[in-house]
Amino acid sequence: MTEELLYAGKAKSVYGSDRADELIVVFRDDITAFDGGKKDVIAGKGEFNARVSARLYDLLEGRGIPTHFIALEGPARMRVRRLKMIPLEVIVRNIAAGSLVRRYPFVEGTPLDPPLIVIDYKDDSLHDPMLNDDIILALGLLTREELGEVKRFALRVNEVLQELFADLGIQLVDFKIEFGRDADGKIRLGDEISMDSMRLWDIRTGASLDKDVYRFEKGDVLATYGQVASRILGED
Ligand SMILES: Nc1ncnc2c1ncn2[C@@H]1O[C@H](COP(=O)(O)OP(=O)(O)OP(=O)(O)O)[C@@H](O)[C@H]1O
Ligand SMILES: [Mg+2]
């Protein structure tokens, strides 16, 4: 019925569906970096991210983490539960890299044990400023109970994904997730978990297997995403 475009973000478009409580997320081939300062289209990238996200959500649901995922309905189309998104970027870091190394005196590649959880306010015009517990509560973004739940979910997602990637010869360096509330007010993992939102290093070679290949022009982005997808999906 109504496949109305509700929102077109930088990498995905969100459409209404035949059910009021469900949406269709289309993973586009657009890729951006540096707050949108670098932009390209890489044909086939959306499909790899959609298929990887679907597989990871399925795995996480099986391990007790509530997600928005319902089904893949085409190569890059995902049916999800409609959530009221919470404007937070929840980042879990196992190894120092990226902005952590740029902004703080960490040496790139240093293991972080226990892992760090960093929560940013998702607003490009403010450049996603980092929050702390007091600011999150003062802004009314989460209740204290929800904040605890979000952190527990984030660490659990980390455990499940770290285990999966270790078996595939990949180090899960860090990743970003987003949460939302469903119609019952329950917090669920939304958005995507893909090569655009994780930092992955090949354990054997140290090579980047994620969007850093695009950011820093380290190689063939599509081939890299395809290689990760086939390791995760178990295809050649
Ligand atoms: N289950 C869901 N229900 C409602 N909105 C969702 C759901 N999952 C993800 N979203 C939202 O859909 C949008 C997806 O678009 P996309 O990620 O491309 O854009 P963006 O977040 O605005 O930009 P950015 O590229 O910085 O992430 C995001 O705003 C995301 O928060
Ligand atoms: Mg996004």
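Guide: A term before we start: helices and strands here are DSSP runs numbered from the N terminus, a strand having at least two residues. Also, this is a predicted model.

Visitor: Fine. Where is Asp35 found, then?

Guide: Asp35 sits in the loop that runs between strand E4 (30-33) and strand E5 (38-41). Its phi is positive, about 55°, although Asp35 is not a glycine.

Visitor: And which residues does the cis peptide bond join?

Guide: Asp113 and Pro114, with omega at about 5°. Pro114 belongs to strand E10 (residues 111-121).

Visitor: Switching to the ligand. How many residues surround ligand 1?

Guide: There are 16, and the closest are Tyr7, Lys10, Ala11, Lys12 and Lys122. By class, the shell has 7 nonpolar, 2 polar and 7 charged residues.

Visitor: What does the side chain of Lys122 do there, in terms of distance to an oxygen atom of ligand 1?

Guide: An N or O atom of the Lys122 side chain is 2.6 Å from that oxygen atom.

Visitor: What about a nitrogen atom of ligand 1: which side chain has a polar atom by it?

Guide: His68, at 2.8 Å from a nitrogen atom of the ligand. Asp191 uses its backbone: a polar atom there is 3.1 Å from a nitrogen atom of ligand 1.

Visitor: Which elements give two or more residues to the shell?

Guide: Strand E2 (12-16) and strand E7 (77-81).

Visitor: And which domains does the shell draw on?

Guide: Domain 1 (5-81) and domain 2 (84-220), with at least three residues from each.

Technical notes:
Residues are numbered from 1 along each chain as its sequence is written. Chains are lettered from A and ligands numbered from 1 in the order in which they are written. This is a predicted model: local features need pLDDT of at least 70, side-chain atom pairs count only at pLDDT 80 or more; totals for chains, interfaces and linings use all residues. Side-chain values use heavy atoms; hydrogens and water are left out. A residue is near a molecule or strand if one of its heavy atoms lies within 4 Å of it. A polar contact is a pair of N or O atoms within 3.5 Å; within protein, one must be able to donate a hydrogen and the other to accept it, and residues adjacent in sequence count only if both atoms are side-chain atoms. Helices (H or I, at least four residues) and strands (E, at least two) are DSSP runs, numbered from the N terminus. Ala, Val, Leu, Ile, Met, Phe, Trp, Tyr, Cys and Pro count as nonpolar, Asp, Glu, Lys and Arg as charged, and the others, Gly among them, as polar. Domain bounds come from an automatic or database domain assignment.
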